[in-house]
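Please read it alongside the sequence and the structure shown here.

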Amino acid sequence: MVSWALYKVSDSELAKDLVQDTFLAASEKIDNFRGDSSPKTWLYSILNFKIIDHYRAKVKQPVRMDGGSFSNFFTESGEWIKDKKPHAWDEEEMHLLDDDDFNRILKQCMDALPDNWGLAIKLKFLMSKKGEEICEELGITPTNFWQIIHRAKLQLRECVDTNWYKGN
């Protein structure tokens, strides 16, 4: 359970706390366990709700934008800033997710995102959840969700370009 929580939150201490909270909640609600699923499935369900609750609380915290994220990538007329324009990803690099070094860089880049941005990206692209479902889970509007996704993708692209492509 700790490894699952760690995968979701990328913080070992927080993952351990969430698992501990899961067992506490399970011990308080054991009388409500009907046996419709295995105890393991029930515990993982509780853990997933604990993780969602953690991120819901984080989403409510404001994100500080220094100078606006778009000004980091685009000119006032909307053109790419020359050294910020994304690099072309070659056809033979289609299997980047099989590369351990790339995965390490991508994880570092995702961990560097503000918490609510990182969660929105993970829910959408790693867990394949629909936008409406993510908005409901995070308690945000669809407009805010798409703005978060757009800004997070720009930030990830810059981070990967800087740390992977220029480093290789």
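Apart from its neighbours within four places in sequence, I149 is in contact with A120, I121, K124 and F125. The model is a predicted one, and in it I149 sits in helix α7, which spans residues 142-165. With a relative accessibility of 2%, I149 counts as buried, since the cut-off for that class is under 20% relative accessible area. The C-alpha atoms of I149 and L119 lie 9.9 Å apart in space, although the two residues are separated by 30 places in sequence.

## The chain as a whole

The chain holds seven helices and zero strands, and from the N terminus its elements accordingly read α-α-α-α-α-α-α. Of its 168 residues, 33% are buried. Among contacts between residues at least 6 apart in sequence, 64% join residues that are at least 24 apart.

The accessible surface of the chain amounts to about 11,100 Å², and carbon and sulfur atoms account for 52% of that area.

## Helices α1 and α2

Helix α1, made up of residues 2-9, packs against α2 at an angle of about 125°, and the two axes are 8 Å apart. The contact involves V2, A5, L6 and V9 on the α1 side, and S12, L14, A15, K16, L18 and V19 on the α2 side. The crossing in which α1 passes α2 is right-handed.

Helix α2 covers residues 12-28 and includes T22, a residue that is buried with a relative accessible area of 0%. When neighbours within four places in sequence are set aside, the residues in contact with T22 are M1, L43, I46, L47 and K50.

## Helices α5 and α6

The axes of α5 (residues 115-126) and α6 come within 10 Å of each other and cross at roughly 145°. Here too the crossing has a stated hand, with α5 passing α6 in a right-handed sense. On α5 the contact is made by L119, A120, L123 and K124, and on α6 by I134, E137 and L138.

Within α6, which runs over residues 131-138, the buried residues include G131, I134, C135, E137 and L138. These residues lie on the same side of α6, because they cover an arc of only 165° around the axis. The face of α6 turned away from that buried side carries E132 and E136, which are exposed.

## Positive phi values

S128, in the loop between α5 and α6, has a positive phi of about 55° although it is not a glycine, and at 60% relative accessibility S128 counts as exposed.

Key: Residues numbered from 1 in each chain as written. Predicted model: local features only at pLDDT ≥ 70, side-chain atom pairs only at ≥ 80, totals over all residues. Heavy atoms only, no water. Buried < 20%, exposed > 50% of the residue type's maximum accessible area, 1.4 Å probe, protein only. Helix = DSSP H or I, 4+ residues; strand = E, 2+ residues; numbered from the N terminus. Arc of directions from axis to C-beta. Contact = heavy atoms within 4.5 Å. Areas by Shrake-Rupley, 256 points an atom, 1.4 Å probe, with all protein chains shown as cover. Axes fitted to C-alpha atoms, helices over the stretch in contact; angles between N-to-C directions. Left-handed = near helix turned anticlockwise from the far one by under 90°.
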